[in-house]
Amino acid sequence: MRILAKYGHGMKIDCLGADALSDRLEAKRDDLVSLTQELVRIPTVNPPGQNYRDICEFLARRLERSGFTATIERAEGAPGDSDRHPRWNVVARREGASPGQCVHFNSHIDVVEVGRGWTFDPFGAELADGKIFGRGSCDMKGGLAASIIAVEAFVEACPGHPGMIEISGTADEETGGYGGVAHLAEQGRFAHVDHVIIPEPLQKDRICLGHRGVWWGEIETHGQIAHGSMPFLGDCAVRHMGAVLREMEDKLYPALALKRTDMPVVPAGARQSTMNINSLHGGQAEPPEDFTGWPSACVPDNARMIVDRRYLIEESRDEVVREIEDVLNGIARERPNFSYDLRELWSVAPTMTERDAPVVKGVAKAIRDVFGRDPDYVVSPGTYDQKHIDRIGKLDNCIAYGPGLLELAHKPDEYVVVQDMMDSAKVMGLCLMDLLTSQQKAPE
Ligand SMILES: [Zn+2]
């Protein structure tokens with residue numbers, strides 16, 4: 001089966017074209033605002049992962065009204081999944097009039113905790129000054145709403161389109177995505193998909209090609225417990241950890257700062273290897289808040305540090321581990337009684353979609369049409385669900401593209417600008433038109 005018609009040439013495909021799409025979108029502005037508000041008003045805070053079922057049902061109802069078939073499924077047994085906080089996901093699909101390519105929009109439904117410093121109701125979704133305020137408005141319910149409106153406008157403008165459109169709302173992106181996109185990918189839900197757009201808040205005129213890699217590890221130093229008045233009878237694990245910190249400051253951090261990347265990471269400060277010390281624990285645990293006594297006098301026999309190392313496409317995971325082992329082994333050679341354990345907690349390889357990949361070209365063309373200029377190509381400093389689509393789903397024709405400013409994500413008074421959602425919905429709609437109606441599926 002081959003699709004011969006191109007949009008605009010109007011041979012076989014029932015499609016009214018780009019102007020009709022714009023008109024349909026413009027008519028949906030109020031709908032876009034209320035849809036975003038309704039999504040923000042469902043507090044899907046993660047952890048622990050609240051109201052996932054509610055938001056999935058809301059999305060399923062909405063998309064079924066637009067001719068989609070929706071399924072809601074639980075990632076049973078995934079990390080974080082429990083009967084109290086089940087990990088629900090929704091996948092909605094609309095089949096076109098004839099075979100063709102499949103374009104999938106994936107958004108995460110979870111939001112991070114509220115935190116302090118809000119002047120707006122975090123779940124009120126108030127519209128003020130052309131912006132919608134609320135937790136998740138920017139990251140990324142605004143992007144989800146924009147993709148839904150884009151798809152609905154496209155379907156109205158091109159009711160006889162070929163191919164298939166999918167929209168998924170998935171759990172747990174903020175905590176690794178294992179109960180969300182990773183689960184769907186493991187179920188083979190991306191096997192038939194040709195193009196994936198993740199409407200994360202990367203800005204309406206930028207295309208995010210991928211992300212740096214991540215390596216999380218735990219370093220443990222060992223000591224010997226003794227009475228704190230006679231520390232020489234024990235061995236202080238915290239002092240050993242101090243030696244680790246010193247060596248990192250003297251050698252590792254300067255070395256990381258010298259490793260530059262050709263990946264167009266934004267902000268530019270992340271165009272190098274980085275490492276955050278996520279946490280440090282040594283000695284007695286913090287007492288309960290209502291405890292009014294003093295600590296007991298003990299030499300700590302254990303200290304633990306968790307590091308969050310972000311690495312570049314020019315580096316490998318093995319290199320990253322070796323560098324840390326070198327630091328630790330160097331100390332072990334010189335420092336009496338120094339012993340350590342090093343555990344890998346989590347590792348994700350860097351990924352970067354090629355600029356000539358079909359989905360990149362499709363979005364770039366639409367950005368040129370809407371804004372009259374070339375897009376900026378960027379790479380995210382942190383990972384997002386693209387990692388699972390790439391690694392488990394084996395699909396590298398995937399990008400992040402959506403409205404909103406990344407800098408607002410996770411902050412108090414987070415907002416999304418309505419016009420930005422409208423503009424990016426237009427880009428998504430035009431891109432759909434391009435990908436579905438002007439390309440051929442290879443003959444089976
Ligand atoms: Zn996000």
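User: At what angle do helix H1 and helix H10 pack?

Analyst: Happy to start there, bearing in mind that this is a predicted model. Two packed helices are described by the angle between their axes and the distance between those axes. Here H1 covers residues 18-26 and H10 covers residues 418-437, with the axes 10 Å apart. The crossing of the two is right-handed, and the packing angle is about 145°.

User: How do the residues of the contact of H1 with H10 divide into nonpolar, polar and charged?

Analyst: Let's take each side in turn. H1 brings Ala-18, Leu-21, Ser-22 and Leu-25. These meet Met-422, Ala-425, Lys-426, Gly-429, Leu-430 and Met-433 of H10. Sorted by type, the contact residues come to seven nonpolar, two polar and one charged.

User: Which residues of H1 are buried, and how are they arranged around the helix axis?

Analyst: Good one to look at down the axis. An α-helix has 3.6 residues a turn, so residues three or four places apart point the same way. In H1 the buried residues are Leu-21, Arg-24 and Leu-25. They fall within an arc of 100° seen down the axis of H1, so they line one face of the helix.

User: What covers the buried residues of H1, and which exposed residues are on the face turned away?

Analyst: The cover over the buried residues of H1 includes helix H4 (137-157) as well as H10. On the face of H1 turned away from that buried side, the exposed residues are Asp-19 and Glu-26.

User: How far apart in space are Asp-308 and Tyr-178?

Analyst: In sequence, 130 residues separate the pair. In space, C-alpha to C-alpha, the separation is 18 Å.

User: What is the radius of gyration of the protein chain, and what would a compact globule have?

Analyst: The chain comes to ten helices and 16 strands, and its C-alpha trace spans about 90 × 45 × 40 Å along the principal axes. Of its 444 residues, 48% count as buried. For that number of residues, a compact globule would have a radius of gyration near 22 Å, which agrees with the chain's value of 25 Å.

User: Among contacts with a separation of 6 or more, what share comes from residues 24 or more positions apart?

Analyst: This counts contacts across the protein chain. Residues 24 or more positions apart account for 81%.

Key. Residues are numbered from 1 along each chain as its sequence is written. This is a predicted model: local features need pLDDT of at least 70, side-chain atom pairs count only at pLDDT 80 or more; totals for chains, interfaces and linings use all residues. Axes are lines fitted to C-alpha atoms, for helices over the stretch in contact, and angles run from 0 to 180 degrees between N-to-C directions. Helices (H or I, at least four residues) and strands (E, at least two) are DSSP runs, numbered from the N terminus. A crossing is left-handed if the near helix is turned anticlockwise from the far one by less than a right angle, and right-handed if clockwise. Two residues are in contact if their C-beta atoms, placed from the backbone, lie within 7 Å. Ala, Val, Leu, Ile, Met, Phe, Trp, Tyr, Cys and Pro count as nonpolar, Asp, Glu, Lys and Arg as charged, and the others, Gly among them, as polar. The radius of gyration is taken over C-alpha atoms; the globule rule is 2.2 Å times the number of residues to the power 0.38. A residue is buried if 20 or more other C-beta atoms lie within 10 Å of its own, exposed if 12 or fewer, and partly exposed in between; C-beta atoms are placed from the backbone. The arc is that of the directions from the helix axis to the C-beta atoms.
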